[in-house]
Amino acid sequence: MDDAQLGEFVASCMEKLQQKQSDLSARGVDRSDRFEVDLAAGKLRFYVGAQLMLEAGVTPIGTHAAGDESWQWAWANKSFPQEVRERAAKLKELAAQTTLEAFLERTLEVDETQTWQLVAMSCEHLGALGTYDFPTRNARLYVAIDSLA
């Protein structure tokens, strides 16, 4: 993929992700009171009060620490269980597709815009319905929503 093709690919992924996020919003993902995540099971659950409203199958993508402008791929995060890292390792395939070594590097220096570009390309590659992000202790974790019920 040359630079022009890569630029078109990134722009296309960003545009598709915006539409996917709108679709997820229409399905109620952003109307929950709370959520809980079980990365080992690959599940993200959304609640209104005590009632389960939606359950999503998820693949972790990575974490972004805005203060440090750092990104760590989920497949490289040793705090995740091995099976979680293995599911996320599919994203390494993007290195061959895009010719970007960034998909093989454990950590990167990226700003928020670049984070969203990585997330958009990841969602496209995984065939995801969109993404959900939430705070962790020192960063934000991004997951691809693979299914929604």
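**Helix crossing, burial and cysteines**

User: At what angle do the axes of helix 1 and helix 4 cross?

Analyst: In this predicted model, the axes of helix 1 (residues 3–26) and helix 4 (residues 112–126) cross at roughly 80° and come within 8 Å. Axes are lines fitted to C-alpha atoms, for helices over the stretch in contact, with angles from 0 to 180 degrees between N-to-C directions. Helices here are DSSP runs of H or I with at least four residues, strands are runs of E with at least two, and both are numbered from the N terminus.

User: On what basis are the values taken?

Analyst: Local features need pLDDT of at least 70 and side-chain atom pairs count only at pLDDT 80 or more, while totals for chains, interfaces and linings use all residues. Residues are numbered from 1 along each chain as its sequence is written, and side-chain values use heavy atoms, with hydrogens and water left out.

User: What is the orientation of helix 1 and helix 4 to each other called, and why?

Analyst: Angles under 35 degrees count as roughly parallel, over 145 as roughly antiparallel, 65 to 115 as roughly perpendicular, and the rest as oblique. The crossing is at roughly 80°, so helix 1 and helix 4 are roughly perpendicular.

User: Which residues in helix 1 and helix 4 meet?

Analyst: Contact means heavy atoms within 4.5 Å. From helix 1, Phe 9, Val 10, Cys 13, Met 14, Lys 16, Leu 17 and Lys 20 meet residues of helix 4 that include Trp 116, Val 119, Ala 120 and Cys 123.

User: How do you know whether Cys 13 is bonded to the closest cysteine sulfur?

Analyst: A disulfide is a pair of cysteine sulfur atoms within 2.5 Å. The closest cysteine sulfur to that of Cys 13 is in Cys 123, 9.1 Å away, so the distance is too far for a bond. Cys 123 is likewise in no disulfide, its nearest cysteine sulfur being that of Cys 13. The count by this rule is 0 disulfides.

User: Is Cys 13 buried or exposed, and why?

Analyst: Buried means under 20% relative accessible area, exposed over 50%, and partly exposed in between, with a 1.4 Å probe and protein chains only. Cys 13 has 2%, so Cys 13 is buried. Cys 123, at 1%, also counts as buried.

User: What makes a set of residues a nonpolar core?

Analyst: The members are buried Ala, Val, Leu, Ile, Met, Phe, Trp, Tyr and Cys residues joined through side-chain atoms within 4.5 Å. The largest one has 44 residues, of which Ile 61, Trp 71, Trp 73, Leu 118, Tyr 132 and Val 143 touch the most other members. In soluble globular proteins, nonpolar side chains tend to be buried together.

User: Which residues is Trp 71 in contact with?

Analyst: Beyond four places in sequence, the contacts of Trp 71 include Ile 61, His 64, Val 110, Thr 115, Leu 118 and Tyr 142. Thr 115, in helix 4, has a relative accessible area of 0% and is therefore buried. Thr 115 in turn contacts His 64, Trp 71, Val 110 and Tyr 142, again leaving aside neighbours within four places.

User: What does the side chain of Thr 131 reach?

Analyst: A polar contact is a pair of N or O atoms within 3.5 Å; within protein, one must be able to donate a hydrogen and the other to accept it, and residues adjacent in sequence count only if both atoms are side-chain atoms. The Thr 131 side chain reaches the backbone oxygen of Val 143 at 2.7 Å. Thr 131 belongs to strand 6 (residues 130–135), and its 2% relative accessibility makes it buried.

User: Is Glu 69 buried or partly exposed, and why?

Analyst: Its relative accessible area is 43%, so Glu 69 is partly exposed. Glu 69 sits in the loop between strand 3 (51–65) and strand 4 (70–73), with phi near 50°, a positive value in a residue other than glycine.
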